[in-house]
Amino acid sequence: MRVALLTEGGYPYARGESVAWCDRLLHGLTGHDFDIGALSRGGRQERGPWRPLPPHVRRVRTAPLWGPPPAGRASRAGARRFAEHFAELTAALCPGHQLLGDEGTRRQADRFASGLHGLADAADAHGGLGGWLRSERALRILEAACRARGAPRAVRFARVADLLAVAERLERALRPLSLDWYGPDGLDAADLCHAVGGGPAALAGLLARRRHGTPLLVTERRVRVREHYLAGVAAGAAGAGAAVRALLGAFQVRLAREIYASAALITPGDALARRWQERCGAAPERLRTVYPGLDARPFDAVADARGGAAPPALVWVGRPVPEKDLVGLLHAFHLVRAAEPGARLWIVSAPAHGRGDGAYLARCRALAARLFPAPDGGPGPVAFAEVGDAEVPGLADAYARGGVAVLSSAVEGFPVPLIEAMFSGGATVSTDVGAVAEVVGGTGLVVPPRDPRALADACLALLRDPERRARLGAAARARALELFTVERNVAAFGAIYRELGGERPAAARRPARVEETIRLTAVRGGGERA
């Protein structure tokens, strides 16, 4: 089978979203040929290294979602068609962005689809959109939609700066409409398009589905609409324009609805993602939860060594950012120390989980110094480290530092550090956010978020009860090995590929040309070389 794997800000680049997951998937499914369509999010990523490609990757195409728009000026006929369809699309954004499926929402979804696919057809007929979506005419159309009767209050008062910001974001999100990926040697030749994410990457798969009948599989670990709203809360606190947030939120919801309606199957990574997808219009019968798979082998040695007495220590591992609520963890540990003066806390930054917030980490260090002054210049009870340091040379070594792993997040999606702790055979205390309760499944203690007293009491309960700690740790490892391994994840997607690969009519499939068995590598400018 020939699979087109479509990514945004991830594989085959060495760093980015879902890179490790895609790498494991490709190395696990060696019986299929893969074409990669990669949308990069920045110049640093575009210029950076790639993951080593397995031999069954036949071709890689790249395109940027950053920087100035592609060169090219629309003809008069093209500009007229662009204006007509863009007016339809923007009008669908301004009555609001209800998540629930009433009749008005369905009408607006149809209008959005008409404008979106009309733009795609016009771009195909006239050599791409180029920079038209940032033109003065496009801005006037967007402004007219915002001022129209019935438009939400948040967008009626959009300023010129707001319109410019929205036009820039829409132009980048809609760049897949102008790509040259859809011909006979492109997505038309694939038996299946697998989009990793529900944004621009899935938009490319949506067009292949509409033009060539190629089945579309959408895998979302983080639902784009949810991420937009979470980012919008932070942006609102920072004073970002309400009009920008409202228009882009409406666009995300409408695009998600259209993608979900066209996908043959959608594979959320957990129940939280599934609920968001259902609220955005995904049909329940097209949803199939497939948990992300992690490699358990690096943690085997730590789990095997759990037989002895565990150190009276707590360990936190992850990306130090405000959502992880390390401040709340430090206050909880202050209560733990009052009851157990010998307890220690390790806070270990893990670059593999993403870039941390240096300023936030500095604040946490300063708070720890105030709450736990070091005696006579010696080490205090709170140790800060990073994976790769002499004390924590590897990720698995971090979990060996404590008998209880703590996840203190105020906001969370799918909690990868929690699964790593479970692989290592450690007992866990976690806050009830995101998919935490679903992952733990009764093998660890779960407490309300932003409640230092509840977090401290749970930690103390496990620190003081070695038998319970060992029992929960063993149960957690067994659950993780049953549900969250690479092997299980790859097997699930292998079965899905076989299921969906036969949906495309035989007449629509194009036999691969002999010369295409030569693996092609993309040139950074978007071209290819053998």
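What follows takes the helix pair, then the cavities.

This is a predicted model. Two packed helices are described by the angle between their axes and the distance between the axes. Start with helix α1, residues 19-28, and helix α20, residues 486-501. Their axes come within 10 Å. They cross at roughly 65 degrees. Angles of 65 to 115 degrees count as roughly perpendicular, so α1 and α20 are roughly perpendicular to each other. The crossing of the two helices is right-handed.

Now the contact itself. From α1 come Trp21, Arg24, Leu25 and Gly28. Facing them in α20 are Val486, Asn489, Val490, Phe493 and Tyr497. By class, this contact of α1 with α20 holds six nonpolar residues, two polar and one charged.

Next, the cavities. The count comes to eight of 30 Å³ or more. The largest cavity holds about 60 Å³ of space.

Which elements give two or more residues to the lining of the largest cavity? They are strands β7 (313-318), β10 (404-407) and β11 (427-431), together with helix α16 (416-423). The lining includes Val315 and Val317. Tyr399 lines the cavity as well.

The α1 and α20 contact, in turn, has one charged residue.

How values were computed: Residues are numbered from 1 along each chain as its sequence is written. This is a predicted model: local features need pLDDT of at least 70, side-chain atom pairs count only at pLDDT 80 or more; totals for chains, interfaces and linings use all residues. Side-chain values use heavy atoms; hydrogens and water are left out. Axes are lines fitted to C-alpha atoms, for helices over the stretch in contact, and angles run from 0 to 180 degrees between N-to-C directions. Helices (H or I, at least four residues) and strands (E, at least two) are DSSP runs, numbered from the N terminus. Angles under 35 degrees count as roughly parallel, over 145 as roughly antiparallel, 65 to 115 as roughly perpendicular and the rest as oblique. A crossing is left-handed if the near helix is turned anticlockwise from the far one by less than a right angle, and right-handed if clockwise. Contact means heavy atoms within 4.5 Å. Ala, Val, Leu, Ile, Met, Phe, Trp, Tyr, Cys and Pro count as nonpolar, Asp, Glu, Lys and Arg as charged, and the others, Gly among them, as polar. On a 1 Å grid over the protein atoms alone, a cavity is a set of points where a 1.4 Å probe fits but cannot get out, and a pocket is an open set with protein on both sides within 12 Å along at least five of seven lines; lining residues have an atom within 4 Å of a point. Grid points are joined across faces, edges and corners, and a volume is the space filled by probe spheres set on the points.
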